[in-house]
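Please look over the sequence and the model shown here before reading on.

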Amino acid sequence: MRARRRTTVLAASLVLALGAVPLAAPAFAASGPAAAHATTTGPDTEALEAAIAGLPDQDATAALVRVGGKGSWRGTAGVRDLRTGAPALEKARFRAGSTTKIVTAALALQLAAEGRISLDGTVQQYLPGLLTEDFAPITVRQLLNFTSGLQPGASLGNTTEEMYPHRFETLTPEEVVAASVAKGPNPDHAPGERQFYSNIHYTVLGMLIEKVTGDSYAHQAAVRIFRPLGMRHTSFPAGPDPRIHGPHNRGYDWFDGKLVDVTDWNMSDRWAAGDMISTNADLERLLVGVFRGRVVPEPQLKEMFAVPDVPDATMGAPFSPFKLNGRTVWAKTGSRPGYHTVVAATRDLSRTVVYSVNSTDARGDGEAIARRFAFPAFNR
């Protein structure tokens, strides 16, 4: 991580960046008696209000938080654009990052439920010629739970600063995968032996979905998931299109002590692993639909929550379990420059939270962001 927080240089640069911007007052909306401050059964509204108070600050320029389940709460704070100081939009669209993997996993599991693929079937079977003969068989299940052993593919940089000059360049999924294959099998462990989180697993899944269906990944996501769930504001960019179409809050990141606008960015290299654009309301529909079995039927649904029995594994396909105040919360994060996203819920949906935070270090310490904006939803 860049060492920049709470230093004199940072404070000075923040004053310069935000000094002309009026602080937008948080906007709160709650429904039902459980939203009252005095309740002990609904979300901790005081903690949630405190989390988004004072935006924009050095860590975020805007936050949209949506809590559901037994009692609901919504909060919006910060600014839409630092140049104008216009207040943040509650219904803004944003780059949802790796929460895209929920959609990719769901599509693969739907195809398994239909008998069109087997979770024990292999990449070599469904995508002949993609891997060289050096690779041991890799199953669909191993792609889903990040144990395929594939090495990371091509990228345009490892940090936001490195990627920024290349933000309008295109790196196709085929190029990403070809670079992974060129590295050969992982020399340290075979498929199924260790869990390693990387976009490469879900990039290959996207290619597999297209091969099996004979259709584009984006269209399959639309007809199988977005339209049935009423996710009217969720989509994928048209190829290398760097824009977020429709209302959105601009994203920023710190470069050398200055806040730089990182909103416009070609994310096509992330594709089925992280290229989705959505809204809080739509992601809540996705979260609830998946957890209720409306998207993936049993027994395939259990795969989304099945942490593999390998050393140090922490993720299912793709949800991760967390213990918060004595209950298990299943979550998936997503991060793209300027945008950090979380979807999380108890398995019985008694409490859900979805947020989009315009973090100024969205690809940095995701846990710190979640502790501030998501954890309070599970205080009680």
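**Spaces, packing and backbone**

The second largest cavity holds about 30 Å³ of space, where a cavity is, on a 1 Å grid over the protein atoms alone, a set of points where a 1.4 Å probe fits but cannot get out, and a volume is the space filled by probe spheres set on the points, which are joined across faces, edges and corners. This is a predicted model, in which local features need pLDDT of at least 70 and side-chain atom pairs count only at pLDDT 80 or more, while totals for chains, interfaces and linings use all residues. Residues are numbered from 1 along each chain as its sequence is written, and side-chain values use heavy atoms, with hydrogens and water left out.

The lining of the second largest cavity, meaning the residues with an atom within 4 Å of a point, consists of Leu64, Ala92, Arg93, Phe94, Asn249, Tyr339, Ser356 and Asn358. By class, these residues divide into 4 nonpolar, 3 polar and 1 charged, where Ala, Val, Leu, Ile, Met, Phe, Trp, Tyr, Cys and Pro count as nonpolar, Asp, Glu, Lys and Arg as charged, and the others, Gly among them, as polar. The structure holds 2 cavities of 30 Å³ or more, and the largest cavity has about 60 Å³ of space. Among the residues that line the largest cavity are Leu156, Met163, His166, Trp265 and Arg336, and its lining divides into 4 nonpolar, 2 polar and 4 charged residues.

Pockets, by contrast, are open sets of points with protein on both sides within 12 Å along at least five of seven lines. The largest pocket contains about 1,200 Å³ of space and is lined by 44 residues, of which Ser98, Tyr197, Lys332, Thr333 and Ser335 lie nearest its centre. Strand 9 gives the most to this lining, with 7 residues; helices (H or I, at least four residues) and strands (E, at least two) are DSSP runs, numbered from the N terminus. In the second largest pocket, with a volume of about 290 Å³, the largest share of the lining, 4 residues, comes from helix 11. The lining of the second largest pocket has 4 nonpolar, 5 polar and 8 charged residues.

Turning to the packing of helices, helix 3 (residues 100-113) and helix 9 (residues 217-229) meet at an angle of about 80°, with their axes 10 Å apart. Helix 3 is therefore roughly perpendicular to helix 9, a term used for angles of 65 to 115 degrees. The contact, which means heavy atoms within 4.5 Å, involves residues including Val103 and Leu107 of helix 3 and Ala221 and Ile225 of helix 9.

Lastly, consider the backbone. Most residues other than glycine have a negative phi, and most peptide bonds are trans. The peptide bond from Leu55 to Pro56, however, is cis, with omega near 5°, and Pro56 is in the loop between helix 2 (45-52) and strand 2. Another cis peptide bond runs from Glu298 to Pro299, with omega near 5°, and Pro299 lies in the loop between helix 11 and strand 8. Asp312 is also found in the loop between helix 11 and strand 8, and its phi is near 65°, a positive value in a residue other than glycine. Because its relative accessibility is 65%, Asp312 counts as exposed, the word for values over 50% of relative accessible area (1.4 Å probe, protein chains only).

Conventions: Axes are lines fitted to C-alpha atoms, for helices over the stretch in contact, and angles run from 0 to 180 degrees between N-to-C directions. Angles under 35 degrees count as roughly parallel, over 145 as roughly antiparallel, 65 to 115 as roughly perpendicular and the rest as oblique. Buried means under 20% relative accessible area, exposed over 50%, partly exposed in between (1.4 Å probe, protein chains only).
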